[in-house]
Amino acid sequence: MTADLLTSQPTTGIAAATTDLTKVYGSGDTRVVALDRVSIAFREGEFTAIMGPSGCGKSTLMHCAAGLDSPTSGSVRVGTTELARLGDRELTQLRRDRIGFVFQAFNLLPTLTALENITLPMDIAGRRPDRAWLDRVVSMVGLSDRLGHRPAQLSGGQQQRVAVARALASRPAIVFGDEPTGNLDSRAGAEVLGFLRDSVRELGQTVVMVTHDPVAAGYADRVVFLSDGRLVEEMARPTPDRVLDLMKSLGSRSHSG
Amino acid sequence: MLRTALRNLLAHKARLAMTVLAVCLGVAFVSGTLVFADSTAAAHRAAASKTFAGIDVTVTDKAPEPGPDDGSRAGVLDDALVTELTRVPGVAAVRPSVDGSATLNAADGSPLRADRAWSHLAGAYVPGKDGKDSRYPLTEGRAPANGGEIAVDRGTASAGGFRIGDTVTLATDGPVTTKRLVGIVSTDDARVTAGGTLALFDKTTAQKLFSAPGHYTGIDLTAAPGTTASELADRVTAVLPADHAEATTGQAQAAQQAILVDTLTRGYEKVPMVFAGVSLFIGSFLIVNTFTMLVKRRTRETALLRAIGASRRQVSRSVLLEALVVGLSASVAGFLLGLGIAAMLPHVLGGGDSALPTGPLVIGPRSVAAALGVGVGVTVLAAWLPSRLAARTSPMEAMRTAEQPPPAQRFRLRGAVGVGLLVLGAGRLVSLSGAKDASEENLRDAMIGCGLFAAALIMLAPLLAAPVIRLTGRLTGRLGVTGRLARENALRDPRRTAATAATLLISTGLVTGLAVIGHSTGQALDRQAATGLGADYVVSTRSTMTGIDPGAVRRLADTPGVRTAHPITDSTLFTGSGVRQISGADPATVRDTMKLDFVSGSAEDLAAGRIAISTTLAREHGVTTGGLLNVRLGHAGKLTAYKVVGVYKNNPVAHDALGSRGEVAANSFLPGSVQRVLLRTDGPPTAALENRLRTAVGNNPLLTVQNRDQLVREAAGTMGDLLDVMYGMLGIGVVISALGIVNTLAMSVAERTREIGALRALGMDRAGIRRMIRLEALTVTGFGTLLGLAGGLFAAWAVGSLANGAIDQYTLVLPWGTLLLVCLLSLAIGVLAAAVPARRAAALSPLEAAANA
């Protein structure tokens, strides 16, 4: 019940996909199944939101898909690369070259300027950033006059915009956002979400975002719902109201069931 | 969460353990040294009382000056007195002795235990009624029976490689003689067992050598049961000729000897005490740093305590209490380690030859008190500042969210105080560069100056961190983003960086200063020894108490290949203000054998009543050529006004003053004696010539034959000890610095888990993270090393001017090799210390970035 539901979106290719992804924490009495045979594909040029109640496994799904965490079983592919076969070094390289991150806590390096933070993944790789692309990304997030500032001199919204620019600057195959608006007020959050959506629309970027906020999910092209480590529902072209309704019905379903 | 809490606790424990270790090291040196001192003193006492075990009272000549007074030397201790004493009621046994000293040549021809001139004992084998000497039980062979035979003790025999039947070369004071070894005895005499030698002659020979025929140097009495030593002493005193002999109890002698031996073997404590001081001083920085970090880390916790009503005093007290516990456990651990050091020291210091007496470890209250006082005191004092910091925590901190950037640090007050200290310290040091001599006042000034200067550097270090690290950062910055991040991380908390670097700053500074001064002084002494000496060979006695016999002087002059032989008599010169050394020379040949650089006058006018003096002496007394100087020569009765005929630049060969040999010799310790013979040879020195010279003096163990190179090496030899101390200090400094670096880096890694996680998530591999931490360590150590190097060089330059006054030809010479070694060692230790924190950082999961605070 995954890809077929979305007919309106031109299905160009798959940026990342999981097959029967299972993640188990602990053993014996403390055994917790965070993900239970989850199969999902993230198409290129699409903005996907992953939703679900706390502890449903949505963050774990994202961490596994992004190569931050290793699955207990099942497969994760980014493009055509099977992550299960990669060692730490290759995984690190994959994250550096093909994946962008936007964290809830921004995670900018306080000792570097905004520009240095944006180019950090490329500096780590030892590559020169593509000047024209960098300018485009920077101007899109509206940071042109803030590039010399340190994170401590920027507001939360500005810091997260730097983080978005950092995620986009190296032209990754896919950008993952982990509650990117969780630490922001609604206005700054709306800005950041706008940029993420623009990056999909204008730059053709693929974005996957974990969120618990129906308003944030409304920016996405598609929303998938997780509950107790399983994929339970999916919605195309969501609006905050529809997402909220679905969440309510899912909530009552899980309570009654 | 539980995992992180556990990990924090572990990290915490490790950090405290490292602090404990630093204090522990210092305490170990202090207590180890004290226990060692107590133990050796006790061992000396035990050994001394063993020496005098069978002796209750000893009768000696009154005021037994070993002076040259002929005739009276015989004294009153003769066979008649021995017989008389036997009849004193309460006397069980009488043993007369004839004691002196004799230096032996080992089987290989070198003087045996030459560095222990004070314990080259010699005596008579005095058989008792049973034909055996109870004091020296024979273990092998037989007793010496005539003037051609000797016996030695077991230690001497094994050290010298002697066997029964060997011919042994020895000298008592004058010429050399050879004897046949016929017996080996054992002895309990502490002076011998503590690394001396013993030679026994038959009674007649000993009397000929050390007193006069038929006379003794002492008579030992053993009391009969029921008579105490003091009773016996009283009775004996009554029989003795009042003004000529006296009786002393064995106990008193033992106490005296213990003190003597103890003082002679002293001085061992100094080096370990210096180590203790350095390690505690450097360690205190580590303590301050660790507690500051702990307090900062617990800000929220402390704020919560304050919010629910804990007073400032309670907060600071809890920190001090923690310091007390740390100090206490460090002291206990240090004390135990110190016992190990004390047990090991005799082996380290004693070496193979000069065995220190061994005995049980004596743990006196002084050692325990010092260990506890030093360990706890230093820790609590060092924790005082951090405790104040904790007390200042506002309850509001508890409400703040996690990732607050540290408030910008203000250094205005610190800067002002630091600059003030710098001006004071540097000013004092610079003012010294005008000083002309190493007077006590100037030395004290130098010490104070160095102290102030060091304090200023430590105060200013946080301010200097930014500019210096930016500069060194240009280097590390070339290594890409890891280098840049390392630099920025080191700059993040300049105070912490500075405190971590302070330990290295001190040790590098100390070692640099010492190395430069030591090296420069050594070179100056070398040059001085080389330039002051015109002679190719110097034959000299090992002490001023002995002379070179006239026969040997004649034979030296007659040795083929010797052009000039210039005998010199060394004596003392009492000026109004102190005791100096004067050399009695022959004006005709002095030019040939000493390279004297006269500022005014010359040596040619030396005669009775005329002397030449060194520039230092001239300056001290404000005399110049043509002036008069009131001095007393050697044993001369009174001060006499001498005419100064010349002033020469300080010369180690000529000593402080030159007189005519006849006059100096007439008043010297052994009238008419010669202490040195300076030789000019026809050609370059050869091994054959050296052999001929040794033969000319009969291989006398009391004499040394040295060529120029050996003399120069000897002059610089004193610098060797300094070098050892220096490397020891560097070692301690480096170990403690390493602890500090591990501590600080572990802390900064713990504080930055999220950041490091983000770097991992963004694609920095483990090697990159490790490199970043290592470079950070390198930056911090580089900063400390650079500052220490600069400070040490400056201080060495300033203090060197004191040496310049005292030693001619002193110029600042940089020991490049040593300095390079110091730098490399410091930097290497930084990288090494970073290993564990770097590994821990690299093991962090990229998921840390996603973790919620």
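**Exercise 1.** In which crossing, left-handed or right-handed, does α15(B) pass α24(B)?

*Solution.* The structure is a predicted model, in which local features need pLDDT of at least 70, side-chain atom pairs count only at pLDDT 80 or more, and totals for chains, interfaces and linings use all residues. Residues are numbered from 1 along each chain as its sequence is written, while chains are lettered from A and ligands numbered from 1 in the order in which they are written.

Step 1. Helices (H or I, at least four residues) and strands (E, at least two) are DSSP runs, numbered from the N terminus. Two packed helices are described by the angle between their axes and the distance between the axes.

Step 2. Helix α15 (residues 494-532) and helix α24 (residues 816-833), both of chain B, have axes that come within 10 Å and cross at roughly 170 degrees. Axes are lines fitted to C-alpha atoms, for helices over the stretch in contact, and angles run from 0 to 180 degrees between N-to-C directions.

Step 3. α15(B) and α24(B) are therefore roughly antiparallel (angle over 145 degrees).

Step 4. The crossing of α15(B) past α24(B) is right-handed, meaning that the near helix is turned clockwise from the far one by less than a right angle.

**Exercise 2.** Which residues of α15(B) and α24(B) meet?

*Solution.* Step 1. Contact requires C-beta atoms, placed from the backbone, within 7 Å.

Step 2. From α15(B) come B:Leu504, B:Thr508, B:Val511, B:Thr512 and B:Ala515; they meet B:Thr818, B:Leu819, B:Val822 and B:Ser826 of α24(B).

Step 3. These residues divide into five nonpolar, four polar and no charged. Nonpolar covers Ala, Val, Leu, Ile, Met, Phe, Trp, Tyr, Cys and Pro; charged covers Asp, Glu, Lys and Arg; the others, Gly among them, are polar.

**Exercise 3.** What is the strand order of the open sheet of six strands in chain A, and which strands stand at the edges?

*Solution.* Step 1. Strands pair if DSSP finds at least two bridges between them.

Step 2. The order is β6-β7-β8-β3-β9-β10, with mixed pairing.

Step 3. β6 (99-102) and β10 (230-236) of chain A each have a single partner strand, so one side of each is left without a neighbour in the sheet.

Step 4. Neighbouring strands of this sheet are turned by 20 degrees against each other on average, direction ignored.

Step 5. Inside the order, β3 (residues 47-51) and β8 (residues 207-210) of chain A run parallel and are joined by four bridges; A:Phe47 has A:Val207 as its bridge partner in β8(A).

How values were computed. Angles under 35 degrees count as roughly parallel, over 145 as roughly antiparallel, 65 to 115 as roughly perpendicular and the rest as oblique. Two residues are in contact if their C-beta atoms, placed from the backbone, lie within 7 Å.
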